[in-house]
Amino acid sequence: PGVGEYPIKGTVSVRNERTGKVTSYPLPEFKYTVAAPFATVSPTKMNVFYIGVPNPVQVSAAGVANSQLNVSMSAGSISGSGGKYEVRVTTQGTTNVTVAAKGKNYGSFPFRVKLIPNPVAKVNNQPGGSINAGVWKAQQGVIADLENFDFDAKFEVLSFNMFYQPKLQDPGTAAASGPYFSAAQKAFISKAKPGDVFYIEEIKVKGPDGLSRKIPGIAFKIN
């Protein structure tokens, strides 16, 4: 039968061994339901797919062994077997994961595709704020920390500028290529004293998606 609710009717017949007479007793009618085939696709870390990292996914279908599943997607690539897969995507938007088995289509499941969130610039593992002059002078450069993100994704610092505002003196600026302070920036840092302010700005980073992006700057006040 197709999808829906169906009745079952029947009787129980009892034969009298002494007389040979057969008596039939009708059974109460009861119903059963035939459900549509269904499958589930569950991302094991987040409810979206992220560009640049492998996205683990679990797939199952009711009444079907995991080894018999045929899983595909409309945008991106999916690899794996036995119900455990890895998705890679390259373009923002949406993609559909389709599950089939034994000649049946178990459904198409939409997922959003997004860029990895911006990392946070830090020096001495601080995203700005007050810092001791001696501690500041010991720092070597800037890192891009991807906070509260479940995937193993690293960002590389490509370049940044430093704006140095000494207390009651003329400011200065200097640029760096890469994550480390340049010679000109180190010269500013060596002069740091309480009341001075350092701004790290125009920070450009590159993530595992291969794209460069600019992230918000940070400021440190020397104490």
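**Notes on a predicted model**

1. Let's start with F188: this residue is buried, with a relative accessible area of 16%. Buried means under 20% relative accessible area, exposed means over 50%, and partly exposed is in between (1.4 Å probe, protein chains only).

2. Before you go on, know what you're looking at. This is a predicted model, in which local features need pLDDT of at least 70 and side-chain atom pairs count only at pLDDT 80 or more, while totals for chains, interfaces and linings use all residues. Residues are numbered from 1 along each chain as its sequence is written, and side-chain values use heavy atoms, with hydrogens and water left out.

3. Now the overall picture. The protein has two helices and 20 strands; these are DSSP runs numbered from the N terminus, with at least four residues (H or I) for a helix and at least two (E) for a strand. The C-alpha trace spans about 120 × 30 × 25 Å along its principal axes. Its radius of gyration is 32 Å, whereas a compact globule of 223 residues would have one near 17 Å (taken over C-alpha atoms; the globule rule is 2.2 Å times the number of residues to the power 0.38). Of the 223 residues, 33% are buried.

4. Next, aromatic rings. The whole structure holds 11 aromatic pairs: rings of Phe, Tyr and Trp (its six-membered ring) with centres within 6.5 Å, called stacked when the planes are under 30 degrees apart, edge-to-face over 60 and tilted for the rest. Take F163 and Y199: their ring centres are 5.7 Å apart and their planes sit at 50 degrees, so this pair is tilted. F163 belongs to strand β16 (residues 156-165) and Y199 to strand β18 (residues 197-206), so the pair ties together parts that are 36 residues apart in sequence. F163 is partly exposed at 27%, and Y199 is partly exposed at 31%.

5. Back to F188, which forms a tilted pair with Y164, at 5.2 Å centre to centre and 35 degrees between the planes. Y164 is in β16 and F188 in helix α2 (residues 183-190), so parts 24 residues apart in sequence are tied together. Y164 is buried, with a relative accessible area of 5%. Ring pairs also link Y164 and F188 into a cluster with W136, F160, F181, F198 and F220.

6. Have a look at N55 in strand β7 (residues 55-61). It is buried, at 2% relative accessibility. Its side chain reaches the backbone nitrogen of Y50 at 2.9 Å. Leaving out residues up to four places away in sequence, N55 touches V48, F49, Y50, Y85, E86, V87, V89 and F151 (contact means heavy atoms within 4.5 Å).

7. S81 has K84 in β10 as its bridge partner. Two residues lie between the strands, and G82 in the turn has a positive phi of about 65 degrees.

8. Last, an open sheet with mixed pairing: four strands in the order β6-β12-β11-β8. β6 (48-50) and β8 (70-73) are the edge strands, each pairing on one side only. Inside the sheet, β11 (residues 93-101) and β12 (residues 104-114) pair in the antiparallel sense over nine bridges, and N96 stands opposite P110 in β12.

Key:
Pairing = 2+ DSSP bridges. Polar contact = N/O pair within 3.5 Å; in protein donor to acceptor, adjacent residues only side chain to side chain.
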